[in-house]
Amino acid sequence: MTDYFDTLECRDPALREAAQMAALPGLIAHAQQHSPAAKQILVRIDPARINSRTALATLPVTRKHELLERQSTTRPLDPFGGFAAVLRGRRMSRIFASPGPIYEPDVTRPDYWRVGRALFAAGFREGDLAHNAFSYHMTPGAYMMESGALAIGCTVFPAGTGQTEQQLAAIADLRPEAYVGTPSFLRILIEKGLASGSDISSFKRALVSGEAFPPSLRDWLAGNGIAGYQCYATADLGLIAYETEARQGLVLDEGVIVEIVRPGTGDPVPDGDVGELVVTTLNPDYPLIRFGTGDLSAVLPGLCPTGRSNTRIKGWMGRADQTTKIRGMFVHPGQVAEIVKRFSEVLKARLVVSGEMANDLMTLKVEVSASPDGLTARIGEAIRDVTKLRGDVNLLSPGSLPNDGLVIQDARSYE
């Protein structure tokens, strides 16, 4: 594949950054005016000042549990918790429910979730028949993929989930070139098709999401004649990043601004460090600003060999919410961050919980630039002050802790 979904994918990175930063003040002003939640969260924020990544990083992060809490308090008058900037009627076509439940609006705009870009990178083209095996029940996954496929010019077969025998029969009859759905269900279709003698050889390409897609499964699909690609999207934000034929990380979508922050904080980490993905979506209808996904990832250096010039990330690397119960008390990454902020000598920290159940041992491992007399004792006092628990302190040289995004490591034995 040598062509692109649009010219935005290959623009100069500096021009992209300038355009996105220039769009921020208008997005924030619009959100303050039309989204009651944004008006409250961004109170006393001057939109004109938020025109750089440094300025963006000063805004609070809204995490998924906070979105759920706000929605829970405003139901049934406003199921969206004040985050939607579009009203029911001509422009809001559907309402979806994700686990929680968290409700998301669908807007009558072509390719509202911007998934067409990921499908195009996976080889989907006008005239293809796409077998859509995401659920058409309550959650938006199927509609996210369908809207993107329609934007490209594909025809969609709304297969949904389950009913494997009927799906195999439809595949044999309709001969779809492409599949969208989870990778595990695609494997089930292939295995059952081979076992039953059903002809599913028309499948040549797939875009999968919703689950891990390890290289071993990608290679297994290739061995069965299917080029499988993955994308990273959420019901709240739409497409965040997508895989290309280069198979080197995931390229960020053009409609989002992505930061990677230290878990439990809103502080961006250096490129290459693992942290939580925080996303600002340039969507005037559902303007989520600095929305914490709860997922870990890291920036990959360099540009995609396909010519796409946006930043690449490594993909999903685990969960950022590492809240752990220790001696009957919940300790969360934000508390570790609070301890770190009290000491200029501390560069990075990891709280390790060890021992057996009912006999928790807590050790804060800290990388330090210097270790003046009394630092260990003072950090120990801060641990007690912030967490209300006693813990040991282990001073380490810079670079000693793994770059895996873990702030709290539960190393207890549960046997």
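Which residues form one aromatic cluster? Phe96, Tyr112, Trp113, Tyr136 and Tyr143 do. The model is predicted: local features need pLDDT of at least 70, side-chain atom pairs count only at pLDDT 80 or more, and totals for chains, interfaces and linings use all residues. Residues are numbered from 1 along each chain as its sequence is written, and side-chain values use heavy atoms, with hydrogens and water left out.

Start with the rings. A pair of aromatic rings is described by the distance of the centres and the angle of the planes. Here, rings of Phe, Tyr and Trp (its six-membered ring) pair if their centres lie within 6.5 Å; planes under 30 degrees apart are stacked, over 60 edge-to-face, and the rest tilted. The whole structure holds six aromatic pairs. In one of them, the ring centres of Phe96 and Tyr143 are 5.1 Å apart and the planes stand at 40°, so the pair is tilted. This pair links distant parts of the chain: Phe96 sits in strand E2 (residues 92-98) and Tyr143 in helix H6 (residues 141-152), 47 residues apart. Helices (H or I, at least four residues) and strands (E, at least two) are DSSP runs, numbered from the N terminus. Tyr143 also pairs with Tyr136, edge-to-face, at 5.1 Å centre to centre and 70° between the planes.

How exposed are these residues? Buried means under 20% relative accessible area, exposed over 50%, and partly exposed in between (1.4 Å probe, protein chains only). Phe96 is buried at 4%. Tyr143 counts as buried at 19%. Tyr136 has 23% and counts as partly exposed.

Now the sheet. Nine strands form an open sheet with mixed pairing, in the order E5-E4-E6-E7-E8-E9-E10-E15-E14. Two strands pair if DSSP finds at least two bridges between them. Strands E5 (155-158) and E14 (299-300) are the edges, each pairing on one side only. Strand E4 (residues 129-132) runs parallel to E5 over four bridges. Leu129 stands opposite Thr155 in E5.

Helix H8 packs on this sheet, touching E4, strand E6 (178-181) and strand E7 (205-208). Contact means heavy atoms within 4.5 Å. The direction of H8 makes about 130° with that of E6. Axes are lines fitted to C-alpha atoms, for helices over the stretch in contact, and angles run from 0 to 180 degrees between N-to-C directions.

H8 (residues 183-196) also packs against helix H7 (residues 164-174), at about 75° and with axes 10 Å apart. The two helices are therefore roughly perpendicular (65 to 115 degrees; under 35 is roughly parallel, over 145 roughly antiparallel, the rest oblique). From H7, Thr164, Gln167, Leu168 and Ile171 meet residues of H8 including Phe185, Ile188 and Leu189.
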